[in-house]
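Me: I'd like to walk through this one with you, question by question. Could you show me the sequence and structure to start?

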Amino acid sequence: MDDPVERRQSVAAEAPRAIVASFQNRLAQRPGYPWYIVGVTCIGSFMGQFDASVVQLALPHLAEIFHVRETVTSWVALAYLLSFSASLPIFGWLCEQYGRKPLYLLGMAAFLVASVLCSLATSLPQLIGFRVLQGLGGALLGANSISILVRASGKERRGRAMGIFSAAQAVGVSLGPIVGGLLIGSFGWRSIFWVTAPIGVIGVLLGWLILPRDEGKGGGGRFDWRGALLLPPALLCIVLALSQAADWGIASTAFIGMGVAGIVLLALFILYERRTDSPLVDLKLFQSEAFSLGILAVLLSYAMLYGMFYLISFALVRGFHDAPEVAGLRLAAIPIAIGIAAPIAGSFVNRLGATTLSLAGMAICGVALLALSLVALEPSPSRLFGILALAAFGAGLGMFMAPNNSATMGAAPRALSGEAGAMLNLARMLGVSLGVASAASMLAWRMSVIQDARTDDVIFYGHPILGAVEASFVLLFAFALIATLCTLKRRRLSSEDSAPLRSGDKA
């Protein structure tokens with residue numbers, strides 16, 4: 001006969017679980033339940049983007065605190081980027097096998113713990129090490145967030161959900177410089193890592209209560225060890241080469257060697273993945289040309305965003321001699337506009353079509369770049385006009401990002417939606433590296449051209465920094481043009497796919 005004491009203890013232990021399960025069941029019956037899930041994923045996206053922008057602002061301050069060069073403190077940002085990029089594909093596979101909810105919550109908790117540890121770091125190597133841990137937590141969030149969002153929202157709500165998700169990222173980016181400047185000035189650099197701690201606690205609790213349980217495939221899949229040994233080093237080499245291009249120089253042995261190593265390892269990975277029965281990344285995903293074009297457009301849109309951040313930061317601080325706090329407020333016009341435009345564009349995807357909205361967004365970006373090039377950075381500019389041009393650029397990107405992300409996820413096979421979400425987040429991180437690296441290299445080249453010019457030419461160029469920034473906008477024009485071509489090609493593919501259906505209907 002069972003022990004009554006043990007039976008009472010068992011009943012007491014099961015009671016909280018029963019209460020939570022009952023609450024989750026009632027919550028799942030609500031019409032707005034999918035939007036609760038979208039809200040939880042937005043917490044993670046906000047945390048990641050806020051952390052990225054606030055850390056960038058703190059790098060010069062950290063150089064003074066730890067008495068090192070700013071190029072050394074850049075590893076505080078780079079450590080997160082490398083850790084995130086290298087581990088994301090592996091975490092994507094693990095989430096497919098063991099379920100998305102537990103690993104998403106683990107990622108949120110790891111990010112939270114790492115944030116606290118960063119605030120307690122007593123040396124720069126410690127801080128860099130804790131940023132690696134934070135990158136692992138961010139990768140767990142990135143491997144799950146978009147897949148959870150897409151499955152919860154469904155086809156009808158997907159565009160609007162992706163718009164809200166993009167808006168949460170934009171809010172995080174825009175608040176980073178504003179809140180970070182206030183915190184660093186009032187409480188010191190450690191305080192920038194305190195902010196994400198309470199947000200992380202809220203995210204873990206809400207995720208545990210709201211996110212649907214996903215058992216995954218039961219862990220029965222065979223782990224692709226060879227792929228795991230090839231892909232992370234390939235991504236490390238590529239991201240490191242892109243991130244350090246400005247410091248090393250694109251003609252340096254280090255840049256060329258790292259870039260070639262990354263390309264060779266990536267080629268070997270692709271060759272192996274085609275032959276294995278249990279791939280780390282299912283390359284069938286890229287058999288969809290529409291998905292591949294969408295991923296390329298994601299990469300280019302984020303390269304445009306962070307390339308603009310880099311160039312305008314130099315224009316405001318070194319060209320117009322704005323204080324960092326003022327420059328941060330003016331630069332915030334871009335992500336604030338993204339935060340407004342992205343959910344609006346997402347809600348109109350089903351009515352106007354992703355392609356139409358994406359093309360309109362890139363057209364607005366082009367007009368804004370033209371305005372910045374010709375008027376806003378003149379020696380006596382209208383500051384209001386400049387802010388409006390930056391806001392227009394952000395609004396154009398917001399109109400492009402949300403519909404493009406929605407169409408890209410829609411082009412992926414439903415069975416591979418998890419891997420598709422991970423690839424979209426990986427493209428985003430690679431776009432950040434490409435944007436900063438290419439903008440830094442372009443700006444350095446244009447500065448050397450202007451400074452080496454004859455005296456009469458320098459008069460034509462005006463302020464060297466502003467002239468170099470204006471010339472560097474050509475790079476962002478090129479990114480916008482390629483993204484536009486990708487969108488037009490995807491529209492042609494979708495019209496070709498639907499043509500047999502239309503002819504069949506007529507028959």
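**Cavity, salt bridges and patch**

Reply: Happy to! The second largest cavity has Q49, S166, Q169, A170, V173, Y302, L305, F309, P335, I338 and M401 as its lining. This is a predicted model, where local features need pLDDT of at least 70, side-chain atom pairs count only at pLDDT 80 or more, and totals for chains, interfaces and linings use all residues. Residues are numbered from 1 along each chain as its sequence is written, and side-chain values use heavy atoms, leaving out hydrogens and water.

Me: Which element gives the largest share of the lining of the second largest cavity?

Reply: On a 1 Å grid over the protein atoms alone, a cavity is a set of points where a 1.4 Å probe fits but cannot get out, and lining residues have an atom within 4 Å of a point. Helices are DSSP runs (H or I, at least four residues), numbered from the N terminus. The largest share, four residues, comes from helix 5.

Me: How many charged residues does that lining of the second largest cavity have, by class?

Reply: Asp, Glu, Lys and Arg count as charged; Ala, Val, Leu, Ile, Met, Phe, Trp, Tyr, Cys and Pro as nonpolar; and the others, Gly among them, as polar. The lining of the second largest cavity has eight nonpolar and three polar residues, and the charged count is none: no charged residues.

Me: Which residue meets R131 in a salt bridge?

Reply: A salt bridge is a side-chain nitrogen of Lys or Arg within 4 Å of a carboxyl oxygen of Asp or Glu. With R131, the N to O distance is 2.5 Å, and the partner side chain belongs to D51.

Me: Is R131 buried or exposed?

Reply: The cut-offs are under 20% relative accessible area for buried, over 50% for exposed, and partly exposed in between (1.4 Å probe, protein chains only). R131 has 2% relative accessibility, so R131 is buried.

Me: How many residues apart in sequence are the parts tied together by K489 and E289?

Reply: The side chains of K489 and E289 meet in a salt bridge at 3.9 Å, N to O. K489 lies in helix 19 (residues 464-506) and E289 in helix 11, so the parts they tie together are 200 residues apart.

Me: What accessible area do I256, V260, V264, L268 and L271 have together?

Reply: Patches are made of residues with over 30% relative accessible area and no salt bridge, like charges being joined within 9 Å and nonpolar side chains (Val, Leu, Ile, Met, Phe, Trp, Tyr) within 5 Å. Accessible areas come from the Shrake-Rupley method with a 1.4 Å probe. V264 is in helix 10 (residues 253-275). The nonpolar surface patch has about 410 Å².

Technical notes:
Helix = DSSP H or I, 4+ residues; strand = E, 2+ residues; numbered from the N terminus. 1 Å grid on protein atoms, 1.4 Å probe; cavity = no way out; pocket = protein on both sides within 12 Å on 5 of 7 lines; lining within 4 Å.
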